[in-house]
Amino acid sequence: MSVTAEFHHIPVLFEETIASLNIRPDGVYVDCTSGGGGHSMAIAKLLSSGRLIAIDRDPEAIANLKNKFRDMPCVTVVHGNFFDIRKILNEAGIDAVDGILADLGVSSHQLDEPERGFSFHHDAPLDMRMSLEGMSAADAVNNLSQQELMKIISEYGEEKFASSISKAIVKARQIKPVETTFELSEIIKSAMPAAAKRDGHPARKTFQAIRIYVNGELDGLGDAVSDMFGCLKPGGRVSIITFHSLEDRTVKQALAPFSKGCTCPRSFPVCVCGKKPEAKLFKAVAPGEKELEENPRSRSARLRTAEKL
């Protein structure tokens with residue numbers, strides 16, 4: 001696929017996310033994972049004198065975003081990783097913002113384009129790189145030790161058959177390198193008992209684990225969430241959409257300290273620490289029945305929002 005081809009993505013929790021940002025027409029906003037531009041376009045249309053920074057690490061997404069927003073001067077498209085949000089905003093001459101959005105999921109485009117190698121539903125080179133740079137899934141599968149593979153599959157995929165799957169991968173690659181998504185999928189299936197194969201696609205958790213590892217999705221995510229909150233103006237909001245329990249737990253734990261107030265022992269008659277909550281945390285939002293019917297991929301999605309006090 002050429003980088004100019006249409007980049008397709010179905011934004012999840014779309015209306016809920018836009019509403020959660022409480023957008024002001026003159027505000028400054030950041031879409032950390034702009035992807036197909038669905039959320040970004042909705043934000044941009046609500047701005048008058050405001051500004052939007054649309055970030056993505058995928059060069060195919062960037063080509064699409066530049067085309068999509070070519071007639072909207074309020075939007076600045078940035079090719080980068082939102083883990084570097086402080087640096088990105090500093091280079092854009094922005095001290096603080098009114099709202100930040102991060103959709104941590106893999107885009108529908110990345111899953112549906114066979115040659116990107118994210119999906120076990122298509123036979124394609126084993127790639128999975130969001131940035132199209134650095135280590136690929138094939139590199140990881142063929143070069144990591146059995147112990148490393150087992151740890152990745154167990155921790156990032158929460159896969160209870162990680163030991164047998166990692167052993168099967170090492171055994172298979174001794175005969176020939178594992179080069180395609182279907183090859184890896186068949187190896188995973190061969191390592192699992194029949195009963196386990198009836199509970200969803202047997203390769204789902206392992207593919208998730210390898211994708212997370214290759215893209216460093218959890219490496220420093222907690223710090224990135226803290227940086228996002230730190231970049232907000234008072235009254236500003238950060239809204240983050242997660243797609244699996246590991247992401248959600250990391251985001252929840254990163255935001256929690258900002259909502260903590262007094263740390264004095266309960267036995268103290270008055271507060272002497274002087275600590276006050278920095279954030280108001282909103283209840284996590286899950287997709288409704290209508291969205292689940294229209295987009296089954298949204299099933300595990302959760303939206304968490306924090307407002308800076």
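Leaving aside its neighbours within four places in sequence, which residues is Met228 in contact with?

A: First, the ground rules. This is a predicted model, where local features need pLDDT of at least 70, side-chain atom pairs count only at pLDDT 80 or more, and totals for chains, interfaces and linings use all residues. Residues are numbered from 1 along each chain as its sequence is written, and side-chain values use heavy atoms, with hydrogens and water left out.

Now Met228. Beyond neighbours within four places in sequence, Met228 is in contact (heavy atoms within 4.5 Å) with Cys32, Phe82, Ile85, Ile100, Ala102, Val238 and Ile240. Met228 belongs to the largest nonpolar core, which has 65 residues. Such a core is a set of buried Ala, Val, Leu, Ile, Met, Phe, Trp, Tyr and Cys residues joined through side-chain atoms within 4.5 Å. Buried means under 20% relative accessible area, exposed over 50%, partly exposed in between (1.4 Å probe, protein chains only). Val30, Ile100, Leu184, Met228 and Val238 touch the most other members. Another core lies apart from this one, with 25 residues, including Val12, Tyr29, Ala44 and Phe69. In soluble globular proteins, nonpolar side chains tend to be buried together.

Cys32 is buried, at 2% relative accessible area. Its sulfur is 8.7 Å from the closest cysteine sulfur, in Cys231, too far for a bond. A disulfide is a pair of cysteine sulfur atoms within 2.5 Å. By that rule, the count is zero disulfides. Cys74 is in no disulfide either; its nearest cysteine sulfur, that of Cys32, is 17 Å away. Cys74 is buried too, with a relative accessible area of 16%.
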